[in-house]
Amino acid sequence: MSGPGPAVRTVTGDVAPSALGVCDAHDHLFLRSPRLPGQELDSVRAAAAELAAFREAGGRSVVQWTPHGMGRRAAELPALARAADLRVVAATGLHQAVHYDEDDLAALRARGLAALFVRELTDGIADSGVRAGLIKVAGGFHSLDAHARWTMTAAAEAHHATGAPVAVHLELGTGAQDVLDLLCADLEVPPAKVIFGHLNRFPDLEVHLRAAAAGAYLAFDGPSRAHHATDWRMPEAVRTLTEAGHGSQLLLGGDTTTSAARSVHEGPGMPHLLRGVRPRLERAVGKDLVDRMLTANPAAAFAVEWPV
Ligand SMILES: [Zn+2]
């Protein structure tokens with residue numbers, strides 16, 4: 001349960017932010033979407049093996065960005081976290097409409113999305129008793145459609161009720177300013193409670209700097225097969241942002257979204273964050289900053305004064 005002071009809400013309970021240790025701030029243990037047929041992350045055994053490989057590489061915590069209705073398998077998460085001796089954080093929230101059946105979305109509209117998010121953050125996901133520690137939503141390509149505005153409005157309401165951070169999938173890295181305008185300016189979510197994912201897929205440093213200057217966290221994630229032509233620009237982006245004074249707002253994640261990308265299936269997977277990305281970044285910006293990006297920064301980004 002929550003005590004005095006900020007805590008990170010993990011699937012095995014609330015912990016002091018410093019307990020996260022070396023953190024993969026954006027990843028997936030389970031993920032199912034009609035957009036990724038045949039690539040579902042749905043194997044408990046593979047998830048356990050991937051977590052063990054990440055632990056072996058030096059990892060201590062994983063923040064899952066899989067939202068409601070995409071096969072989160074929340075009830076499995078506490079046992080997986082304990083078996084791997086890792087902290088795992090689960091998400092509520094909703095992805096883009098293309099990831100759902102229209103019938104399911106209609107049911108959510110009738111039920112009330114903000115109430116669902118709050119319930120998953122405070123009571124638990126379905127009847128698992130496992131509580132989410134963040135709200136995941138998504139924008140569109142250089143735009144926010146009606147679905148994105150609906151989900152972000154609900155996310156803001158759930159944020160105001162709980163303090164939970166809002167993690168935003170930026171489609172191909174675009175639309176950060178649209179999200180800041182809606183979520184922060186109109187809906188009054190503090191920018192320091194917003195975490196942008198995928199900015200490295202749109203390596204316009206001016207866009208990165210504006211998002212950071214607004215006060216948001218930037219989660220650089222990947223590598224991605226689809227974005228390998230831009231992934232290599234990430235060290236330069238990190239250096240530029242750091243020199244502009246935003247080193248404490250940078251997070252790192254693996255964002256493993258397909259079964260084939262898992263290290264246990266011969267892909268880079270979660271361990272690559274620590275075996276590939278980490279040394280590459282250390283050569284660009286130094287070990288101290290990379291250590292902060294993997295520990296102190298996620299500890300601050302996911303810390304919340306939970307009401308219950
Ligand atoms: Zn993701």
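Reader: Where does leucine 20 lie?

Author: Leucine 20 is in the loop between strand S2 (13-15) and strand S3 (23-27). Strands and helices here are DSSP runs, numbered from the N terminus (helices are H or I with at least four residues, strands are E with at least two). Residue numbers start from 1 along each chain, as its sequence is written. The model is predicted: local features need pLDDT of at least 70, side-chain atom pairs count only at pLDDT 80 or more, and totals for chains, interfaces and linings use all residues.

Reader: Why is leucine 20 called buried?

Author: A residue is buried if 20 or more other C-beta atoms lie within 10 Å of its own, exposed if 12 or fewer, and partly exposed in between, with C-beta atoms placed from the backbone. Leucine 20 has 28 other C-beta atoms within 10 Å, so it is buried.

Reader: What does leucine 20 touch?

Author: Leaving out residues up to four places away in sequence, leucine 20 touches Val8, Arg60, Ser61, Arg87, Pro298 and Ala299. Contact means that the two C-beta atoms, placed from the backbone, lie within 7 Å. Take serine 61: it is 41 residues from leucine 20 in sequence, but 5.4 Å away in space, C-alpha to C-alpha.

Reader: How do you know that S3 and S4 pair?

Author: Two strands pair if DSSP finds at least two bridges between them. S3 and S4 have three, in the parallel sense. Cysteine 23 stands opposite serine 61 in S4. Serine 61 also stands opposite arginine 87 in S5. S4 (residues 61-64) and S5 are joined by three bridges and run parallel.

Reader: What makes S3 largely enclosed?

Author: Five of the five residues of S3 are buried, so the rest of the structure largely encloses this strand.

Reader: How do you know that both faces of S5 are covered?

Author: Look at each side. Arg87, Val89, Ala91 and Gly93 are on one side, Val88, Ala90 and Thr92 are on the other, and all are buried. That is seven of the seven residues of S5 (residues 87-93). S5 also pairs with S6, parallel, over four bridges. There, threonine 92 stands opposite isoleucine 135 in S6.

Reader: What is the order of the strands in the sheet?

Author: The order is S3-S4-S5-S6-S7-S8-S9-S10, eight strands in an open sheet with parallel pairing. S3 and S10 are the edge strands, as each pairs on one side only. From one strand to the next, the twist averages 25°.

Reader: Why are H7 and H9 called oblique?

Author: Start with the angle. Axes are lines fitted to C-alpha atoms, for helices over the stretch in contact, and angles between N-to-C directions run from 0 to 180 degrees. Under 35 degrees is roughly parallel, over 145 roughly antiparallel, 65 to 115 roughly perpendicular, and the rest oblique. The axes of H7 (residues 205-214) and H9 (residues 234-243) cross at roughly 45° and come within 10 Å. H7 and H9 are therefore oblique. Their crossing is right-handed.

Reader: Which residues of H7 and H9 meet?

Author: Leu205, His208, Leu209 and Ala212 in H7 meet Ala237, Thr240 and Leu241 in H9. By class, the residues of this contact are five nonpolar, two polar and no charged. Nonpolar covers Ala, Val, Leu, Ile, Met, Phe, Trp, Tyr, Cys and Pro; charged covers Asp, Glu, Lys and Arg; the others, Gly among them, are polar.

Reader: How do H9 and H10 pack?

Author: Their axes are 9 Å apart, at an angle of about 45°. That makes H9 oblique to H10. The crossing of H9 and H10 is right-handed. Pro235, Val238, Arg239 and Thr242 in H9 meet Arg280, Leu281, Ala284 and Val285 in H10. This contact has five nonpolar, one polar and two charged residues.

Reader: What is the phi of alanine 126?

Author: Near 50°, a positive value in a residue other than glycine. Most residues other than glycine have a negative phi. Alanine 126 sits in the loop between helix H4 (113-122) and strand S6 (132-138). Aspartate 255 also has a positive phi, near 50°. Its place is the loop between strand S10 (250-253) and helix H10 (271-285).

Reader: Is alanine 126 buried, exposed or partly exposed, and which of these is aspartate 255?

Author: Alanine 126 has 13 C-beta neighbours inside 10 Å, so it counts as partly exposed. Aspartate 255 has 25 other C-beta atoms within 10 Å, so it is buried.

Methods
A crossing is left-handed if the near helix is turned anticlockwise from the far one by less than a right angle, and right-handed if clockwise.
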